[in-house]
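Hi,

Here is the structure I said I'd send over. Have a look at it first, and my notes on what turned up follow below.

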Amino acid sequence: APPPASNGSREGAAGTWLRARLAPGEVITAQSGAFERDPQESSTTDEELSRAGSPGSRGGGSSTTPDYGEKRLPQALIIGVKKGGTRALLEAIRAHPDVRAVGTEPHFFDRNYEKGLEWYRNVMPKTLEGQITMEKTPSYFVTNEAPRRIHSMAKDTKLIVVVRNPVTRAISDYTQTLSKKPEIPTFEVLAFKNRTLGLIDASWSAIRIGIYALHLENWLQYFPLSQILFVSGERLITDPAGEMAKVQDFLGLKRIVTEKHFYFNKTKGFPCLKKPEDSSAPRCLGKSKGRTHPKIDPDVIHRLRKFYKPFNVMFYQMTGQDFQWEQEESDK
């Protein structure tokens, strides 16, 4: 069994063990250099951010909330993971009257940090006393500098991470890139350094993001587990109200977002959001969500499951939660 995670040093036992599991050519260090920016990652343009931060802007929050109050730095952040279900979570929590969240991704702690905290504050929506200010940028979870920077802003910041089976997450990530760049190589080609030897290419961002235990260790240097909530991307689809109950409890909010806020869309395959008093059609996520995944060679899926399994086990041990990804796969 892997050793327990250590918070006492910059490089805990978990990181040492995790790196030992990787082939020599696949070594990743949690401390060495920033993860490269994935050009296909959903991002926010400067123009969108300047609009969000303009004096007349509501900062991307609910249109029914009056535009008064003051702009505050966020007390809670959705920090990851890409293609895990962060947009669905953000839209659901924004239905709560005591939450105001910016709709665009500020990317402050990874791409715009040099612009300073006043710039960041100005991007946020106005809130009243007692309301929580939030934002979501999924790339924070895999950005080495993000934990230290967030901690220096406010060490009591609450962090939410939406995680999903890393194999399906990787395929979803690839599917998003493929929709924008149809000329890229196949998933099978990109996933391996050497297909014959079965060497997974852990430097490819689609694979690397799913090594959750490695990234989490970086966060545990700065934040206790009690300040991090892990949301199941799978349960966000099968039981959105149940997951949202946990989120609201974690944020210290009254449970207002409940079953009556959701409607399951059979076409898209996941829930859509509706306001309980609203008779209009449910609001579903955009066409970029719920894309059909390309068919992947079963042998590649099998090799990826084997690759991720020890990292998943370590992640379960570090978080004290079993996301049952292996059981989910054996049921297929």
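This is a predicted model: local features need pLDDT of at least 70, side-chain atom pairs count only at pLDDT 80 or more; totals for chains, interfaces and linings use all residues.

Now the ring–ring pairs. A pair of aromatic rings is described by the distance of the centres and the angle of the planes. The count comes to 22 aromatic pairs. Take phenylalanine 108 and tyrosine 113: their ring centres are 5.2 Å apart and their planes are at 50°, so the pair is tilted. Phenylalanine 108 is buried, at 1% relative accessibility, while tyrosine 113 is partly exposed at 28%. Both belong to one aromatic cluster, together with Phe109, Trp119, Tyr120 and Tyr140.

Next, the nonpolar packing. Which residues touch the most other members of the largest nonpolar core? They are Trp219 and Phe315, in a core of 35 residues. Elements that give two or more residues to this core include strand E2 (76-80), helix H4 (117-123), helix H9 (212-220) and helix H12 (298-319). H9 supplies the largest share, five residues. There is also a second, separate core of 24 residues, with Met134, Val231, Ala241 and Val247 among them.

Back to tryptophan 219 for its contacts. Leaving out residues up to four places away in sequence, tryptophan 219 touches Ile79, Tyr140, Phe141, Ala146, Pro147, Ile150, Leu159 and Ile228. Tyr140 in that list is also a member of the aromatic cluster.

You'll find arginine 235 in helix H10 (residues 235-238), partly exposed with a relative accessible area of 28%. Its contacts, again not counting residues up to four places away in sequence, are Pro240, Glu243, Lys246 and Phe323. Arginine 235 and phenylalanine 323 are 88 residues apart along the chain, and their C-alpha atoms are separated by 9.6 Å.

Last, one item from a record. UniProt lists Lys83 for "active site", in an unreviewed entry. In the model, lysine 83 is found in the loop between E2 and helix H3 (86-93). Is lysine 83 buried or exposed? With a relative accessible area of 13%, lysine 83 falls under the 20% cut-off, so lysine 83 counts as buried.

Cheers

Terms used:
Residues are numbered from 1 along each chain as its sequence is written. Side-chain values use heavy atoms; hydrogens and water are left out. Rings of Phe, Tyr and Trp (its six-membered ring) pair if their centres lie within 6.5 Å; planes under 30 degrees apart count as stacked, over 60 as edge-to-face and the rest as tilted. Buried means under 20% relative accessible area, exposed over 50%, partly exposed in between (1.4 Å probe, protein chains only). A nonpolar core is a set of buried Ala, Val, Leu, Ile, Met, Phe, Trp, Tyr and Cys residues joined through side-chain atoms within 4.5 Å. Helices (H or I, at least four residues) and strands (E, at least two) are DSSP runs, numbered from the N terminus. Contact means heavy atoms within 4.5 Å. UniProt positions are given in the numbering used here, feature names are shortened, and annotations may be inferred rather than shown by experiment.
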